[in-house]
Structures are given as structure tokens and as C-alpha cells.
Amino acid sequence: TSHPQVVQDVVRMAAQYLRNNGYHASAAVIADEAGIKQADQASRRAQLKQLRRYVLDGDWELAVRHIIKLTTSRSQQRRCLYLLYRQEYFELIERQEIQRA
């Protein structure tokens with residue numbers, strides 16, 4: 001049996017694919033059948049866009065707070081934070097800020 005969050009994520013990705021290819025009604029049906037509200041999807045997309053903006057702007061502290069707020073499981077949170085810290089580290093190295101890295 002799959003973890004409920006994994007199932008929701010897969011359904012969201014399928015619905016997004018359908019929407020991106022013009023199948024809006026099909027995306028709505030699959031989301032409805034899976035019990036995923038369109039408003040929830042829109043809200044999650046907006047939150048992920050905000051996280052992306054924090055990362056692109058190098059606002060690491062806000063990105064960390066946002067990840068903590070967004071993640072639903074401890075393991076998911078640790079994985080996301082690891083990826084974020086890794087990105088910050090690489091950018092510090094690239095700018096030759098070795099001491100901060």
C-alpha cells in the first residue's frame with residue numbers, strides 16, 4: 001500500500017500534466033476522484049512558487065522556514081532541507097566564500 005502523500009503527489013503531477021496539455025476537464029475529474037481540491041492544488045502551487053523564489057533569491061532563512069511549513073513528514077522535511085543546504089553550500093563555494101561554506 002502506498003503512502004497517502006505519495007498517492008496525492010502522483011495524482012497532482014498527473015493532473016498538472018493534463019492541465020499543461022489542455023485537458024482541464026480530465027485534470028479536474030482525476031483530482032476530484034482522488035479527493036484533491038482544486039483550491040488546495042492552487043495553494044500548494046503558490047507555496048512552491050514562493051519557495052522557488054526564496055531559493056533563487058538566495059534567501060536561505062526564509063526558504064528553510066517555508067520548507068518546515070510545507071513538508072508533511074519528518075523524512076520529507078530532512079530531505080528538502082538537505083537539498084537546500086547543499087545548494088547554499090555550492091553557491092558559497094562558487095562565490096569563493098569558503099569560510100561561510
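**The second largest pocket**

Guide: α1 (4–20) and α3 each give at least two residues to the lining of the second largest pocket. Helices here are DSSP runs (H or I, at least four residues), numbered from the N terminus. This is a predicted model, where local features need pLDDT of at least 70, side-chain atom pairs count only at pLDDT 80 or more, and totals for chains, interfaces and linings use all residues. Residues are numbered from 1 along each chain as its sequence is written, and side-chain values use heavy atoms, with hydrogens and water left out.

α1 supplies the most to this lining, with five residues. A pocket is an open set of points on a 1 Å grid over the protein atoms alone, where a 1.4 Å probe fits, with protein on both sides within 12 Å along at least five of seven lines; lining residues have an atom within 4 Å of a point.

In total, 10 residues line the second largest pocket, and D9, R12, M13, R44 and L48 are the closest to its centre. By class, the lining has two nonpolar, three polar and five charged residues. Asp, Glu, Lys and Arg count as charged; Ala, Val, Leu, Ile, Met, Phe, Trp, Tyr, Cys and Pro as nonpolar; the others, Gly among them, as polar.

Now take R44. R44 sits in helix α3 (residues 38–56). Leaving out residues up to four places away in sequence, R44 touches Q5, D9, R12 and L70. Contact means heavy atoms within 4.5 Å.
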